[in-house]
2 protein chains.
Amino acid sequence: MQSLKSDALTREELRLIHAWWRAANYLSVGQIYLFDNPLLKEPLTLKHVKPRLLGHWGTTPGLNFIYAHLNRVIKRDSLSVLYIAGPGHGGPGLVACNYLEGTYSEVYPNITEDCAGMKRLFKQFSFPGGIPSHVAPETPGSIHEGGELGYALSHAFGAAFDNPDLIVACVIGDGEAETGPLATGWHGNKFLNPARDGVVLPILHLNGYKIANPCVLARISHDELESLMKGYGYTPYFVEGSDPEKMHQQMAETLDLVVAEIKSIKAEVRNGSTRRPLWPMIVLRSPKGWTGPKEVDGKKTEDYWRSHQVPMGDMAHPGHVKILEDWLRSYKPEELFDGDGRLVEELRELSPTGELRMSANPHANGGVLLRDLRLPDFRDYAVPVTSPGAGNAESTREMGRFLRDVMKLNLDSANFRLFSPDENNSNRWQDALEVTNRTWMAEKYDYDDHLACDGRVMEMLSEHQCQGWLEGYLLTGRHGFFSCYEAFIHIIDSMFNQHAKWLKVCNQIPWRRSVASLNYLLSSHVWRQDHNGFSHQDPGFIDHVVNKKAEVIRVYLPPDANCLLSVTDHCLRSRNYINVVVAGKQPAPQWLTMDEAVKHCTAGIGIWEWASNDKGYEPDVVMACCGDVPTLETLAAVDLLRRHLPDLKVRVVNVVNLMKLQSDREHPHGLTDAEFDVLFTRDKPVIFAFHGYPWLIHRLTYRRTNHNNLHVRGYKEEGTTTTPFDMCVLNQIDRFHLFADVIDRLPQLGSKAAYAKQAIRDRLLDHKSWIEEHGEDHPDIVGWRWSGTPASVARSSTEGDNV
Amino acid sequence: MQSLKSDALTREELRLIHAWWRAANYLSVGQIYLFDNPLLKEPLTLKHVKPRLLGHWGTTPGLNFIYAHLNRVIKRDSLSVLYIAGPGHGGPGLVACNYLEGTYSEVYPNITEDCAGMKRLFKQFSFPGGIPSHVAPETPGSIHEGGELGYALSHAFGAAFDNPDLIVACVIGDGEAETGPLATGWHGNKFLNPARDGVVLPILHLNGYKIANPCVLARISHDELESLMKGYGYTPYFVEGSDPEKMHQQMAETLDLVVAEIKSIKAEVRNGSTRRPLWPMIVLRSPKGWTGPKEVDGKKTEDYWRSHQVPMGDMAHPGHVKILEDWLRSYKPEELFDGDGRLVEELRELSPTGELRMSANPHANGGVLLRDLRLPDFRDYAVPVTSPGAGNAESTREMGRFLRDVMKLNLDSANFRLFSPDENNSNRWQDALEVTNRTWMAEKYDYDDHLACDGRVMEMLSEHQCQGWLEGYLLTGRHGFFSCYEAFIHIIDSMFNQHAKWLKVCNQIPWRRSVASLNYLLSSHVWRQDHNGFSHQDPGFIDHVVNKKAEVIRVYLPPDANCLLSVTDHCLRSRNYINVVVAGKQPAPQWLTMDEAVKHCTAGIGIWEWASNDKGYEPDVVMACCGDVPTLETLAAVDLLRRHLPDLKVRVVNVVNLMKLQSDREHPHGLTDAEFDVLFTRDKPVIFAFHGYPWLIHRLTYRRTNHNNLHVRGYKEEGTTTTPFDMCVLNQIDRFHLFADVIDRLPQLGSKAAYAKQAIRDRLLDHKSWIEEHGEDHPDIVGWRWSGTPASVARSSTEGDNV
């Protein structure tokens, strides 16, 4: 493809770039192995070696090689480049490069650019109280932890969106390339607009081996690999070999070509092109553990899986210290660092300066660039509620109206996007398409629906891609919201884990600035999967979320549209959290006026006085609810209780902010025990209808005074393709079961209650029969409305009602 | 690529195959819409239409088209073909085809092949008490639910492994093709051996649209798509168009070519080739909602996203019933079915018969083919344990020895494989490579390590691929074990969900035979991620698992190698479960002899008498433990208690089978409350050291009598790259914290205990300092061994010990 001239670098340039690379490699090996004697001023002995050898050498020299060459073009052309190290195990490499650029010492003043600092640099690596062995939040210039593989390209595209002057150099390990998320990550180019967005430059680093196996993409033919990259829509450039001199020339020439091509694409765009360009990408095929020991104990090591982690683990083994010393001295440290351990001047000059250093690129510490969103007043989107239950609305559609105007107000700032795996409209955010479009750089037809090169709604049928894009977008200082079917958000459980861990660690790093929260709307939820059935029913993401650190986790289950609007506004203003919002999209009764909703959401939990009749008294029973469908069924059950047992004092408690249930000792939002007791009493039965798995409520409340009287209904994996009400019945969270639950827990109510329970059971059976015959819910269920009847009036109407 | 002659079918063949397709489409539309009047014997009115219209039309005609054409070659060549419907939303299509083949009526005798049966067929679809709208366990011939997208190809390869005479036709929707798992699923061809395995024939079905968006692969150039498929290692054949007649000819000719190519590859293999063939695949580009209404209410419907679900939702809308009637009559049902509703004879003859019908392929009901594994006696692999804690072993390595011989004994049966994302050796199963190799069909070098075309260890760096392969392998009647790093098993959380749901539903379907359990070994666990650190620490998969139905879930945390062997044997014999086994790979003390281990694992939970000193008494405190590291720390804490407080009566309870903790009302393995009370007392403090998140123990035990005295230590998201013992300290699950927990809960112990606690706290601080200075654990920690000293002896040695 490219013609190799092997003279891209002058002899002097070659000498210098090779020396810089040797310095990076030396510092990398030093971090993995050395406890002392950092400059090898004395002969190496076992006592200079760390007692526990941890780290990954294999990928590191390749990462350093790329870093050195990127620096050359950055410095020459004043490029703004973000470096994403997909093979994040190569932590020592990135730390070494950062140190060579001076950034590391700026950020961590104790790691000075001298012999003492180098010793500390070496010691801290993978050492208790030191730094992790991977590229991590602690690593300047990074937005991507390489612990769990698969997300490098998605993060890269997320970072590039709306950053037209940024080039994201994304190194992809050939191990990572086998993962599913990475395999679809390539298609991000169908969503990247060269006029508006930055550039993603994928660098597929084939060093041939994973922990113990060869890599698939390193073991297919050149033609197949080239086809694959072209099939993904890229123009591949190959840099292949092991001889450093030739490789430096190849890489320099290739980068020159690639940078020229990028500039040409960008220039063409300025002239008005809207075609999807075939972006360049690089295949770098170099030996695993390049420049390391060729053999150890007679076993192939360089260019083999044995280089993956620490090439020689047992340093007490005869000859191993010698191998290490020879290896380290092969980089000729005395040429690279002066007697004080400071990088020599001619190599210092190779690095870019200031924010052009990849380790100091401000996009990698996105909070520095973060601007608040301009937000309309969410109260202006209020759904009118003349009395509780009077209105009907699709909560997420109302949210979509608000998001439409958030989008509109921030179009100029170009810092807000919506993400969804083909579910934006299904989840009822279609109003956003009134002010923007779906991003689409692939082919378009004239009858297409809201597709445009400059859309800000990102839809690809890959939860991984949506999550990765959003993470990359947020970590570089922007804002977004991810809407997803509730059941399928589990697809990114592990990505959520990694982001939550990233945020937790960032909270402990002073120089990391706060970023916008990662916001989820989970809709099309478990209770309304009428036609998709059992496979689409899983409310367990919340369970997964609450395992993570309380300081980064927020979970909201607004019962109606006005509460959802209030919560949405709150999420968009928050920082450094992961906010999970669960809300339905189907038409449903509305309970609170906007003023009431704001008050309720601010408290996060509260007694709904208008639905309770215990005013001034201790209630006989507390009916608690959390989630929109459980709230509906609870109120319908309360209505039944009022009609059948008008003297019963019922308190209704609604939970919006799930973490209120946990103790204030466990979560910053948690209620104190005293506050909890005030709401839930110390000894009265509590019937709790919960959106998710019922045991989650127990897990959050097991230390509360009244826990033994807590009876929770929720989803218990009973479901199929059926009617909405039947879904409730299958899981015994419907109004009739809730009614019976109250009677069962209040034996003192006596025979009248028992009679009412029997009547209710008959009603339930009638409804089940109706459903099975007609295929839809009985009109009494669909048509039920909160009567608003005070208990005294309800009492007189008990006879002859049709529940 | 192919030259199209358009005469693959004679006129008569064309007429017949088109008629069969029309019949399948007619039955599909009928299922979505009709409540009555199934044969349109009277004019269609609103009352014949279902009240709730649910289902997905868009993908269905394409699925039927493929089915009809596969049947032609199956019948002609007596092929054994399994049909995987990636676009599983096309449930009505597969059900229609099954019904046309007669299988449906055989399996569900009430759905007869007559007018009444057709009416029931239509009514049951997406109807309460009926069948789901997706391809599901209820669908004969299916091993793949299409609810959550992404796994069609992995399932297909899993089914094809070790089934040399099987062709798995795998239809991939262009929506699904955007997911990560599917994008890497293509690479299964690097692991499929044409001599030993069957064939996977991918059929990429481009119908252009998802719910609301176009599909990426339908909007790239022909060249790019062709490159992509070639890059994935396939020879693509294109069938593109919308005119049925031309499309039938194209598809027939293409299938003829493809079948010939498959036969040629297979023939070449018989002649000894071991090259990786370029398997054929088909790109079928046909309109979404093909043959449906072109327009509804003036809006484009056929060949557009509006066909995705129900093209006309509101049937009361003027004209919609007429559109539906015209649509149905366009298939000319009167030519397809006789007056009784029975498929006419000439179309009946198009279907294969017996097990050649894809709907009756026995591989799709794998339990029919399942043979028990030949198992060596796991007791023969016992680790000698002369006294508790005396030996040292790597538990999973011992398991690997057992699995090696399981592999060996079943090599002839070719029904057992091990799966791992490049972690087989890291998780210490390398001994299996003594009797088999890693499967590898890509390029090999002579220095490669245990790679072979006929290996039975499946390693690709994709948890999705491993999980999908294993599911496909199990559901077609074979056995396997999946080893994975504990933290990263979350990558397949949602796949686990779907498999658990599949098993739950199968348990309710009489004709579905039991299959082997899906077995996980989770190793490289949270407590021993010394060099990978925080990103690799997550024990929460168990939390995720226990949300699913108790009857399909089993969770084991064996404390040592002999227990792990016993549990492994049990898992390999079990059926229809998902077994999660968590065990460490690092050298660790061994506690139980094999006889003791068998007894302990059979009980699942029990008092370790040898570690307790409460014989004949009620203990003062119960020290409970679950998981290998927590067991070690608990015993070390008990050792400290014996030395410092020799009069304290300590009971040690170890839990292997986690579900024992739950009530017998919740889980079939659960202890009764009485049994629980016997172990844990009714009122004594219980200090519980747990492998995972501590609240899981509370969630399982919150109804137990003594729950209020239960104090659980576990992982609470505190971690980094540090020493093993420091990890315990960071999460306060170490021996010193457990010791202090006991003192804190027994204030009656008085000043001696308080003094001991202070001494222990000092020890802890000394150890922390040691770690931070030396980078490794203090020799006292590493070297600690259970003394076995009875309490009375321990008492006299209390002075001067070095804890």
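Predicted model: local features only at pLDDT ≥ 70, side-chain atom pairs only at ≥ 80, totals over all residues.
Residues are numbered from 1 along each chain as its sequence is written, and chains are lettered from A and ligands numbered from 1 in the order in which they are written. Local features need pLDDT of at least 70, side-chain atom pairs count only at pLDDT 80 or more, and totals for chains, interfaces and linings use all residues, while side-chain values use heavy atoms, with hydrogens and water left out.

**The two chains**

Chain A gives 124 residues to the contact and chain B gives 124 residues, where contact means heavy atoms within 4.5 Å. Between the chains about 10,100 Å² is buried, with 53% of it from carbon and sulfur atoms; buried area is the accessible area (1.4 Å probe) that two parts lose on being put together, summed over both. A:Arg219, A:Leu461 and A:His531 supply 7% of the area that chain A buries against chain B, more than any other three residues.

**Two domains of chain A**

An automatic or database domain assignment gives the bounds by which chain A is divided into domain 1 (12-365), domain 2 (378-588) and domain 3 (605-783). The centres of domain 1 and domain 2 of chain A, taken over C-alpha atoms, are separated by 34 Å, and the contact between these domains takes 41 residues from domain 1 and 34 residues from domain 2. Domain 1 and domain 2 of chain A bury about 3,100 Å² between them, 59% of it on carbon and sulfur atoms.

**Salt bridges**

A salt bridge is a side-chain nitrogen of Lys or Arg within 4 Å of a carboxyl oxygen of Asp or Glu. There are 16 salt bridges between chain A and chain B, and three between domain 1 and domain 2 of chain A. The table gives one example from each boundary.

| Salt bridge | N to O distance |
|---|---|
| A:Lys501 and B:Glu717 | 3.3 Å |
| A:Asp162 and A:Arg417 | 2.9 Å |
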